[in-house]
Amino acid sequence: MEILLSGNMRIIKKYVKEGSAVGFIPTASEVEKDRSYTAQNKTDLQNMGYKIIDIELSTQSKEEIVEKLNTIDALYVAGGNCFYLLQQIKQKNVLNELRDFARKKIYIGASAGSCVACPSIEYVSNLDNKNDAKLLTDYKSLNLINAYILPHYKSSEEYSALIDKTISEYPNLNFIVLTNSQAVIVNSNDDYTVEYTD
């Protein structure tokens, strides 16, 4: 199953037992100037009673990553740049492994981590800088849900305007627009519900 978040993490406790081993992938934020939110995400998970296992796509080998995936109960993929995150997933050739993990255990995506759960991330070009992922030429992603997540709606006027622009530019896509107080709970590609996280 998948928990696709925009911001608020409290809903995780409803689905992941306290004491569980949670893999933490901070990779998407490597190209961001301010990475403090990623560190805060990790601290919040620890404070919720989870055992954190660091998984770094950029520096660990595929073998190390797969070994860690086999030892954890849930995986938290933090926010940042969607294009850079997908580039690093593909560079390390773990797209299928992450997809298989989500089918068997619990994949938690936050912001960029939610967007890469969609069939493709080409639609986020208004929200993230493609130039941070110059090696990425194919935008097909994990395809865990037959919809396209747009996180952080109403977090600011400027960001909400970019989301509205994206919706108008891709009229044929099935968008799920999330505020920071909402999450999508995914049981299968076509079986999902939006829940409030507060």
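Two strands are taken to pair if DSSP finds at least two bridges between them. In this predicted model, strand β2 spans residues 21-25. Four bridges join β2 to strand β4, residues 74-77. The two strands run parallel. Within this pairing, Y76 of β4 is the bridge partner of F24.

Strand β3, residues 51-54, also pairs with β2. Here too the strands run parallel, and four bridges join them. The partner of F24 in β3 is D54. Helix α2, residues 36-47, belongs with β2 and β3 to a β-α-β unit. That unit is right-handed.

Strand β2 is largely enclosed by the rest of the structure, because five of its five residues are buried. In a regular strand, side chains alternate between the two faces of the sheet. In β2, A21, G23 and I25 point one way. V22 and F24 point the other way. Residues of both sets are buried.

A polar atom of the S141 side chain lies 3.4 Å from the backbone nitrogen of S120. Beyond its neighbours within four places in sequence, S141 is in contact with residues including C118, P119, S120 and I121. C115 and V116 are also among its contacts, as are L86, L95 and R99.

Notes: Residues are numbered from 1 along each chain as its sequence is written. This is a predicted model: local features need pLDDT of at least 70, side-chain atom pairs count only at pLDDT 80 or more; totals for chains, interfaces and linings use all residues. Side-chain values use heavy atoms; hydrogens and water are left out. A polar contact is a pair of N or O atoms within 3.5 Å; within protein, one must be able to donate a hydrogen and the other to accept it, and residues adjacent in sequence count only if both atoms are side-chain atoms. Contact means heavy atoms within 4.5 Å. Buried means under 20% relative accessible area, exposed over 50%, partly exposed in between (1.4 Å probe, protein chains only). A crossover is right-handed if, with the strands pointing away from the viewer, the path from the first strand over the helix to the second runs clockwise.
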